[in-house]
Amino acid sequence: MSEIVFDRVHHRYGERHVLRDIRLRLTERRIGVIGANGSGKSTLARMVNGLLTPTSGTVTVDGVDTARKGARVRRQVGFVFTDPDTQIVMPTVGEDLAFSLRRSGLDKAQIAARVTEILERFGLRDHADHPAHLLSGGQKQLLALGAVLIRRPSVIVADEPTTLLDLRNARIVASALDAVDQQVIVVTHQLPLLDTFDRVIVVDEGAIVFDGAPADAVPAYRELIE
Ligand SMILES: Nc1ncnc2c1ncn2[C@@H]1O[C@H](COP(=O)(O)OP(=O)(O)O)[C@@H](O)[C@H]1O
Ligand SMILES: [Mg+2]
């Protein structure tokens, strides 16, 4: 597993302070982040791969500062967004997966082999030439996850990857995430998903108010909102 360290991280957008003194050392394989809307979860999640850098403090991944070496960190940490439409860029499923490897240095045959591997893994083998925008919501999110996995990152951060999906598709995407070998950090409102996690962090108004086992985090979160 990678070691992700938040050291005295603060973040503000203009005058609005959205993260306060975050100190974390994340080494577990399955980590959940929960909290009310607007509590700072996405801001925190985006910092893990340098999509956002802190106003003060540092975030490092295996000692590499996300603010200094963003591109390097992003090769190691993949990010899955809530809305797969923002992540899918190419017209067809196969092209979209291949596009993820455009700067990988792999040759055409190697790229084709990896694309086939992902298509098979996510049951999209017959969809290689299918227009990506015509996939179901669940298939789109699997494609978005596939486009991250194809680069073989060591960490995957997913920001509410099932929030826009119906229950059935949410389950499919959740079990796909559950099956990956990588270290996974998931922001979610789907609390049952966290049952098997190693660690759950509860965020409230930009601060960590609970950090521990899922069995204790969920009651802590419920208490907070009641
Ligand atoms: N780009 C931005 N500019 C200004 N404020 C923002 C921006 N992004 C988020 N915020 C604000 O920061 C706070 C935390 O947002 P966010 O991290 O998205 O929370 P969450 O993911 O928990 O809903 C919210 O009050 C939100 O309105
Ligand atoms: Mg969010």
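Trainee: What is 2.7 Å from an oxygen atom of ligand 1?
Mentor: That's an N or O atom in the side chain of Lys41. Keep in mind that this is a predicted model.

Trainee: OK. And how far is the polar side-chain atom of Ser42 from an oxygen atom of ligand 1?
Mentor: For Ser42 the distance is 2.8 Å.

Trainee: How much of ligand 1 does the protein bury, then?
Mentor: Ligand 1 taken alone exposes 570 Å², and the protein buries 62% of that.

Trainee: Which residues surround ligand 1?
Mentor: Besides Lys41, Ser42 and Thr43, you'll find Tyr13, Arg16, Val18, Ala36, Asn37, Gly38, Ser39 and Gly40 around the ligand.

Trainee: How do the residues of that shell divide into nonpolar, polar and charged?
Mentor: There are 6 polar ones, 3 nonpolar and 2 charged.

Trainee: Which element gives the most to the shell around ligand 1?
Mentor: That's α1, with 3 residues. Helix α1 covers 41-48, and β2, at 16-26, also supplies at least two residues of the shell.

Trainee: Switching topic: what does UniProt place at residues 4-224?
Mentor: The unreviewed UniProt entry has the feature "domain: ABC transporter" there.

Trainee: And how far apart are the end C-alpha atoms of residues 4-224?
Mentor: They lie 27 Å apart. As for what the span is made of, 33% is helix and 27% is strand.

Technical notes: Residues are numbered from 1 along each chain as its sequence is written. Chains are lettered from A and ligands numbered from 1 in the order in which they are written. This is a predicted model: local features need pLDDT of at least 70, side-chain atom pairs count only at pLDDT 80 or more; totals for chains, interfaces and linings use all residues. Side-chain values use heavy atoms; hydrogens and water are left out. UniProt positions are given in the numbering used here, feature names are shortened, and annotations may be inferred rather than shown by experiment. Helices (H or I, at least four residues) and strands (E, at least two) are DSSP runs, numbered from the N terminus. A residue is near a molecule or strand if one of its heavy atoms lies within 4 Å of it. A polar contact is a pair of N or O atoms within 3.5 Å; within protein, one must be able to donate a hydrogen and the other to accept it, and residues adjacent in sequence count only if both atoms are side-chain atoms. Accessible areas come from the Shrake-Rupley method with a 1.4 Å probe; for residues, only the protein chains shown count as cover. Ala, Val, Leu, Ile, Met, Phe, Trp, Tyr, Cys and Pro count as nonpolar, Asp, Glu, Lys and Arg as charged, and the others, Gly among them, as polar.
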